[in-house]
Amino acid sequence: MENDWKTKLVNLFKENADSSGLVHPEYMQLATLPSEGDKYPRNRTVAIRGFVGSGWQPSKDDPLDTDLLVFSTDLKSQKATDISLRQAKSTPTGPMHNTFELCSWLPKTMQQVRLWGQVWLYTPDLAEKNEFPKEDLLHTHLARSNKRIPQEWSWEEERRRIWENHSPNMRTSFANPVTYSEYEGEVPLIPLPATLTGREDAKLVNRWETAWNRFALVICDVHGVEFLDLNPPPGKRVIYEKHLESGQWSGERVSV
C-alpha cells in the first residue's frame with residue numbers, strides 16, 4: 001500500500017500524455033495558506049517536476065527514490081514569500097502551519113486528482129539557518145527498501161538537477177522583474193545555459209547568476225491523495241491517507 005498512490009499517479013499521467021508523449025497533467029493547481037495577516041488563500045498553476053531524486057520516471061540508476069513531489073519557484077514570488085513565512089514555525093513531525101492542496105483535472109480519462117499535505121521551500125540559505133528539515137524530511141519518504149540516503153546526494157544537487165532540466169527560456173524567467181512590481185516594458189529574451197563555460201559576456205553572466213540565486217525548490221510532503229474517476233458513470237472515488245505517527249498508508253473506496 002505504501003507506494004500504490006505514487007504508482008497510480010505516474011500511470012495516470014502517462015495515460016493522459018498527448019501523442020508526442022508530453023505529460024501535460026503535470027500542470028496542477030496549488031492552493032496554499034496566505035501569509036499571516038492576509039485575508040485570502042492563494043491558488044495558482046504549477047508545473048510539478050516529479051519526485052525528489054528521480055523525476056517522473058524512477059529507475060534503479062537514480063541516486064534517490066522518494067514520494068516527495070517537487071517543483072521550482074522564484075524566490076522573489078509571492079508563493080515563496082507565503083511559504084517561507086509559515087515555514088519558520090513548522091516541523092516535519094510537529095504543528096503544520098504550511099499545508100497545501102494540489103488538484104488536476106485529466107480530461108482524456110475523465111479523472112480528477114487531489115493531493116494534500118505539508119509544503120516546504122528549499123534554498124541554501126534556509127537550509128543553513130535550519131529552517132528547512134533536510135534529512136529529517138527525507139527519512140520517512142524513501143521509497144527504496146534500503147531506506148538510506150546516498151552520500152553523493154544532497155538538496156543542492158537536487159536543485160541543480162531540476163535547474164538543468166528546465167528549458168533555456170524557462171531558466172531566464174527567474175531573472176525577470178519581480179512579480180507584481182511596476183511594469184517597465186518588455187524584457188529581452190536571453191535564453192540561459194544550464195552552466196557557464198567562462199566564455200559568456202558579462203550581461204549573460206549577470207543574468208545567469210541572478211536567475212540561479214532566485215531559483216528555489218518547493219517540496220510537497222503528501223499526506224493524502226484522492227482519485228475521482230467519472231468514467232464510466234456513476235464513477236469511483238478512492239482516497240489514500242498517511243497515518244502520520246506510523247508513516248503507513250491505507251486506502252479506501254468511498255462514495256462519489
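**Close-up 1. The largest pocket of this predicted model has a volume of about 490 Å³.** The model is a predicted one, in which local features need pLDDT of at least 70 and side-chain atom pairs count only at pLDDT 80 or more, while totals for chains, interfaces and linings use all residues. Residues are numbered from 1 along each chain as its sequence is written, and side-chain values use heavy atoms, with hydrogens and water left out. Of the 21 residues that line the pocket, Arg-44, Thr-45, Val-46, Thr-73 and Lys-79 are the closest to its centre. Two or more lining residues come from each of β2, β3 (69-74) and α2, and the largest share, 6 residues, belongs to β2. By class, the lining holds 7 nonpolar, 9 polar and 5 charged residues. A pocket here is an open set of points on a 1 Å grid over the protein atoms alone, with protein on both sides within 12 Å along at least five of seven lines, and lining residues have an atom within 4 Å of a point. Helices (H or I, at least four residues) and strands (E, at least two) are DSSP runs numbered from the N terminus.

**Close-up 2. The largest cavity has a volume of about 30 Å³.** A cavity is a set of grid points where a 1.4 Å probe fits but cannot get out, and the count comes to 1 cavity of 30 Å³ or more. Its lining is made by Thr-32, Leu-33, Asp-82, Ile-83, Arg-86, Asn-98, Thr-99 and Val-119, which divide into 3 nonpolar, 3 polar and 2 charged residues. Helix α2 (residues 78-87) gives the most to this lining, with 3 residues.

**Close-up 3. Asp-82, one of the residues that line the largest cavity, forms a salt bridge with Arg-42.** The closest N and O atoms of this pair are 3.2 Å apart, and a salt bridge is counted when a side-chain nitrogen of Lys or Arg lies within 4 Å of a carboxyl oxygen of Asp or Glu. Asp-82 lies in helix α2 and Arg-42 in strand β2 (residues 42-47), so the pair ties together parts that are 40 residues apart in sequence. Asp-82 is buried, with a relative accessible area of 0%, whereas Arg-42 counts as partly exposed at 27% relative accessibility; buried means under 20%, exposed over 50%, and partly exposed in between (1.4 Å probe, protein chains only).

**Close-up 4. Glu-101, Arg-114, Glu-226 and Arg-237 are linked in a network of salt bridges.** The side chains of Arg-114 and Glu-101 meet at 2.8 Å, N to O, and this pair links strand β5 with strand β4 across 13 residues. Arg-114 also meets Glu-226 in a salt bridge, at 3.0 Å, N to O, with Glu-226 in strand β6 (residues 215-229), 112 residues apart from Arg-114. Glu-226 counts as buried at 6% relative accessibility, while Glu-101, at 28%, counts as partly exposed. The count for the model comes to 9 salt bridges.

**Close-up 5. Trp-105, Met-110, Leu-230 and Val-256 make a nonpolar surface patch of about 340 Å².** Such a patch joins nonpolar side chains (Val, Leu, Ile, Met, Phe, Trp, Tyr) within 5 Å, from residues with over 30% relative accessible area and no salt bridge. Met-110 is found in the loop between β4 (99-106) and β5 (111-122), and at 35% relative accessibility Met-110 counts as partly exposed.

Definitions and conventions: Patch = residues over 30% accessible without salt bridge, like charges linked within 9 Å, V, L, I, M, F, W, Y side chains within 5 Å. Areas by Shrake-Rupley, 256 points an atom, 1.4 Å probe, with all protein chains shown as cover. Points joined across faces, edges and corners; volume = space filled by probe spheres on them. Nonpolar A, V, L, I, M, F, W, Y, C, P; charged D, E, K, R; others polar.
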